[in-house]
Amino acid sequence: MSAPTRIAAIKGMNDILPPASARWEWLEDQVRQAMAAYAFRNVRTPIMEHTQLFTRGLGEVTDVVEKEMYSFEDRPDQHGKADHLSLRPENTAGLVRAVVEHNLLYDGGKRLYYMGPMFRRERPQRGRYRQFHQIGAEALGFGGPEVDAELILLAVHLWAQLGIRHWRLELNCLGEPDERRAHRAALIEYFEAHAGQLDEDARRRLHSNPLRILDTKNPAMQALVDGAPRLLDHLGEASRAHFEAVQAVLRAAGVPYSINPRLVRGLDYYNLTVFEFITDSLGAQGTICGGGRYDYLIEQIGGKPAPAVGWAMGVERVLELLGEEGVRVPEPVPDAYAILPDAASVPAAMPCLQALRARGVAVQMHAGGEAGLGSMKSQFKKADASGARFALIFGADEIAAGQVTVKALRDGAGAQQRQSLTDPAAWADALKSPA
Ligand code: ATP
Ligand code: MG
């Protein structure tokens, strides 16, 4: 028989394993608390959607749709018709689809959030993966600047709660479609006049999406881009007022920000306010959260026109930043480790362990290898390594007396006392960590 081929994970897609997975769970718990504090409700949409949802919703010429999507044709049904499906590259389009499909806005605006994996076929590197995770918050059906500001404050709240200090906030206003059209014409004219300085990407985008040229990461184009006509100079009264109102709330709340007239965001559907939270601690992949207003997307996806605003943060980047900032995340350790000196201990111990667990005590049961349960000495070694604060010893003596020995392994190590085997409720709480 030939040796089985080992199959590795797909490039750019990561396993999340202990102990790192504890940091993920901790982050998700913190996010749930923050979302609850702002009255956002959870939604979970499928990981696959019809490709058309993204080609329509994200704009046909974004990088994501052009070259980063995992798309395929499903098997044909009995009529020979096959669906074009894609792994979701982001969650806003899917969330809006769900909101429209289930008519969630019938009785007013909704504040929603999601967490989950997204898929983009990018070049894997630090902070950039092919399966990555986003947490996003979206407020749909609200048009006022106070909601743009509230979403930004929600992110700021989250940074504070997580212990992240090194971030800055950049804001821009993309205006409304007619304002963008005027600006677009001015941009094309400007870039055409400097056609010789455009790189290949920029030449490709010149007539399809010139705004995206401003988002270039090519250092050779920076000077050209710096001199380009500014959208901010093409904004009308209403857009200016909206932008000013958002800033007034941020100033009142003491949130520092700067205005970046070149901030356009990677996805096409934004209007008015756009923003990014950026850190300098992560190298090139420094954007940890980005979002903005997308008042035309719901209509584009077939819903009754309604305004919306939201953001998405990159979980891998935020976790890496937590590490850079030295934020300590509690390691999950069991409260108690059950020592089982021989096979006869097991049936006697088990009801006691189950009762302790039902009362919220985290109990790790000793389990043996091929040679049986192992010596007391080796079991105590494992109890120590588990990090548990107590060992529960279910010896023959104890069991015969209807008891179990509870031995301290950390604080006051060595101290031990006997407790009732049949009434663990009487002493369970004393085993729980002080929290
Ligand atoms: P970038 O400019 O870094 O490519 P983006 O504009 O494509 O980001 P969005 O689509 O707005 O990003 O996604 C929101 C957040 O998700 C980003 O700010 C980033 O933190 C994270 N993110 C995006 N793409 C990836 C990826 N391939 N791997 C890890 N995180 C990502
Ligand atoms: Mg991108």
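This report covers the domains, the ligand site and the salt bridges of one predicted model.

The model is predicted: local features need pLDDT of at least 70, side-chain atom pairs count only at pLDDT 80 or more, and totals for chains, interfaces and linings use all residues. Residues are numbered from 1 along each chain as its sequence is written, chains are lettered from A and ligands numbered from 1 in the order in which they are written, and side-chain values use heavy atoms, with hydrogens and water left out.

## Domains

The chain is divided into two parts. Domain 1 takes in 20-175 + 235-324, and domain 2 takes in 336-431. These bounds come from an automatic or database domain assignment. Taken over C-alpha atoms, the centres of domain 1 and domain 2 are 48 Å apart.

## The site of ligand 1

Which residues come nearest to ligand 1? They are R120, E122, R128, R265 and T287, out of 16 residues around the ligand. A residue is near a molecule if one of its heavy atoms lies within 4 Å of it. By class, this shell has five nonpolar, five polar and six charged residues. Here Ala, Val, Leu, Ile, Met, Phe, Trp, Tyr, Cys and Pro count as nonpolar, Asp, Glu, Lys and Arg as charged, and the others, Gly among them, as polar.

Strands supply part of the shell. β6 (131-140), β10 (287-293) and β11 (308-314) each give at least two residues. β10 gives the most, with three residues. Strands (E, at least two residues) and helices (H or I, at least four) are DSSP runs, numbered from the N terminus.

| Residue | Protein atom | Distance to an oxygen atom of ligand 1 |
|---|---|---|
| R128 | side-chain N or O | 2.8 Å |
| Q134 | polar side-chain atom | 2.9 Å |
| G314 | polar backbone atom | 3.3 Å |

Taken alone, ligand 1 exposes 580 Å², and the protein buries 92% of that. These areas come from the Shrake-Rupley method with a 1.4 Å probe.

## Salt bridges

A salt bridge is a side-chain nitrogen of Lys or Arg within 4 Å of a carboxyl oxygen of Asp or Glu. By this rule the count comes to 20.

One of them joins the side chains of E49 and R97, at 2.7 Å from N to O. E49 lies in strand β2 (residues 48-50) and R97 in helix α4 (residues 92-101), so the pair ties together parts that are 48 residues apart in sequence. E49 counts as buried, at 7% relative accessibility. Buried means under 20% relative accessible area, exposed over 50%, and partly exposed in between (1.4 Å probe, protein chains only). E49, R97 and E101 are linked in a network of salt bridges.

R126 pairs with E320, and their closest N and O atoms are 2.5 Å apart. R126 lies in the loop between β5 (110-119) and β6, and E320 in helix α11 (residues 315-324), so this pair ties together parts that are 194 residues apart in sequence. Are these two residues buried or partly exposed? R126 is partly exposed at 42% relative accessibility, and E320 is partly exposed at 24%.

R293 and D148 also meet in a salt bridge, at 2.7 Å from N to O. R293 sits in strand β10 and D148 in helix α5 (residues 145-162), distant parts of the chain that are 145 residues apart. Both R293 and D148 are buried.

## A loop glycine

G286 lies in the loop between β9 (271-278) and β10. G286 is buried, with a relative accessible area of 7%. G286 and L321 are 35 residues apart in sequence and 9.4 Å apart in space, C-alpha to C-alpha.

How values were computed
A polar contact is a pair of N or O atoms within 3.5 Å; within protein, one must be able to donate a hydrogen and the other to accept it, and residues adjacent in sequence count only if both atoms are side-chain atoms.
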